[in-house]
Amino acid sequence: MIDGVLARDRAAVARALSAIERDPAGPLAAALHRHGGRAHIVGVTGVPGAGKSTLVAALIGAWRGAGRTVGVLAVDPSSPLSGGAILGDRVRMDAGPPDDGVFIRSMANRGAAGGLALAASGAVRVLDAAGYDVVVVETVGAGQSEVEIADEAHTTVVVVPPGLGDGVQALKAGILEVADVFALNKADLPGADRAAAQIEAMLKLGHTLRDPAWQPPVVRTVATDGDGVGDLVAAIDAHAAHLRSGDGAGWRARERARAYAELRRLVIARFAAAVFGEGGARPAAIEALVDALVAREIDVGGAAEAVLGGRARGG
Amino acid sequence: MTTDADSPDSTPIRVLVAKPGLDGHDRGAKVVARALRDAGMEVIYTGIRQTAEMIVEAALQEDVDVVGLSSLSGAHMTLFPRVLEGLRARGLGHMIVIAGGIIPAEDAEALRAAGIAAIFGPGTSTETIVAWLRDEVPRRRAER
């Protein structure tokens with residue numbers, strides 16, 4: 001399977017994505033990790049209805065036109081009730097005849113806290129090792145886990161529809177900080193000027209920027225007819241060039257941020273699984289602490305200390 | 001991470017729901033997609049007017065257990081076998097292909113012979129489809 005992935009055999013890539021989704025940090029991930037590091041990883045996020053999938057479809061066309069290969073990971077939430085999901089991004093992205101240079105995979109979060117980001121990191125690792133020049137991670141930007149996924153990327157594009165009104169203000173919480181490029185999509189609709197002005201005003205207000213040396217551009221697009229898509233590609237490329245400029249310190253910083261985030265998530269997930277026995281019976285020591293809390297014999301800080309101290313001593 | 005992460009058997013059933021052919025009537029397909037989602041399955045919905053070639057490629061990339069085909073245009077006798085042939089040609093003969101829509105009894109017989117595993121006509125309850133998949137998919141996974 002590893003040789004198949006490296007040779008960009010699409011059936012092997014597809015099976016590897018399934019395997020790595022089941023075990024994002026297993027032997028397959030280890031084998032592929034050594035072969036990665038070439039792709040430009042582009043996150044695309046934004047509120048539902050912003051036109052992300054249509055814009056990604058237009059970007060795919062532009063990149064293919066320039067001879068670049070593209071892997072896409074389209075992430076959607078699972079239903080919290082059933083654990084199932086309807087993954088509909090292909091409706092917009094997969095319009096033409098099959099193309100060797102494009103691979104699109106839909107992924108659901110399968111209900112695990114932090115698990116979505118880990119599985120997405122694994123999937124990016126597969127598409128990177130397969131040699132796709134650009135790897136797109138498309139997510140709904142509606143919550144913390146999606147912001148987490150945005151920090152998987154070298155370049156994060158936040159797609160904003162016009163008419164969000166004061167909703168642009170709401171974007172501030174988290175998602176503005178991760179934007180390297182804004183795509184003001186549906187720019188032919190009323191309210192586009194106002195939305196662009198609001199974003200630019202917020203950026204001028206000295207909003208916390210991830211990278212003080214990069215002012216995120218606001219690019220107007222109409223994904224449905226391709227307007228502005230060339231400008232968006234240019235802005236994404238300009239950001240990559242910025243990261244790689246000088247001695248490439250910016251690129252290295254992003255790589256380090258990605259590695260740190262993934263390591264941290266994995267350790268937290270494994271630690272929680274080990275301490276709380278998630279997925280099986282809760283350990284007796286945890287149950288005893290819960291009982292002691294309820295009986296008010298101990299406070300929550302003391303209980304946490306008991307867990308962490310025990311872990312630190314006993315491994 | 002998820003407790004069932006280690007076993008392919010406990011990963012959610014993945015189903016591609018596709019509408020080959022030129023009719024735009026996808027209400028039935030959407031009802032089925034929602035029912036499968038509510039039963040805990042991951043449904044990749046590809047929309048209307050798909051060619052057999054596009055469906056095969058999507059099934060390959062998404063690594064699904066099941067391909068569900070719906071057609072109300074009467075084109076099932078040409079399009080469904082083309083999907084089956086395409087899947088086999090790409091080494092995807094293990095995927096379960098099921099069909100829905102308006103399919104006359106004599107055609108159903110021929111489609112079953114061609115490799116369509118099950119045909120669910122109008123009036124089939126979504127519970128029936130869910131139960132059939134929950135029974136069949138683990139068996140097929142075990143055979144791989």
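1. In chain B, residue B:D63 sits in the loop that runs between α2 (52–62) and β3 (66–71). The model is a predicted one, and in it the phi of B:D63 is near 50°, a positive value in a residue other than glycine. B:D63 counts as buried because 20 other C-beta atoms lie within 10 Å, and 20 or more is the cut-off for that class.

2. A residue in chain A also deserves a look: A:R8 has phi near 55°, again positive in a residue other than glycine. With 18 other C-beta atoms within 10 Å, A:R8 is partly exposed.

3. On chain A as a whole, the secondary structure consists of 13 helices and 8 strands. Of its 315 residues, 43% are buried. Among contacts in chain A with a separation of 6 or more, 74% are between residues 24 or more positions apart.

4. The largest nonpolar core contains 119 residues. Those with the most contacts inside this core are A:L73 and A:V126 from chain A, and B:V43, B:V67 and B:V83 from chain B. Helix α6 of chain A (residues 115–129) gives the core its largest share, 10 residues. In soluble globular proteins, nonpolar side chains tend to be buried together.

5. What does A:L73 touch, leaving aside residues up to four places away in sequence? Its partners are A:R105, A:M107, A:A120, A:A123, A:V124, A:L127, A:V136, A:V137 and A:E138.

Note on methods:
Residues numbered from 1 in each chain as written. Chains lettered and ligands numbered in written order. Predicted model: local features only at pLDDT ≥ 70, side-chain atom pairs only at ≥ 80, totals over all residues. Core = buried A, V, L, I, M, F, W, Y, C linked by C-beta atoms within 7 Å. Buried ≥ 20, exposed ≤ 12 C-beta atoms within 10 Å, placed from the backbone. Helix = DSSP H or I, 4+ residues; strand = E, 2+ residues; numbered from the N terminus. Contact = placed C-beta atoms within 7 Å.
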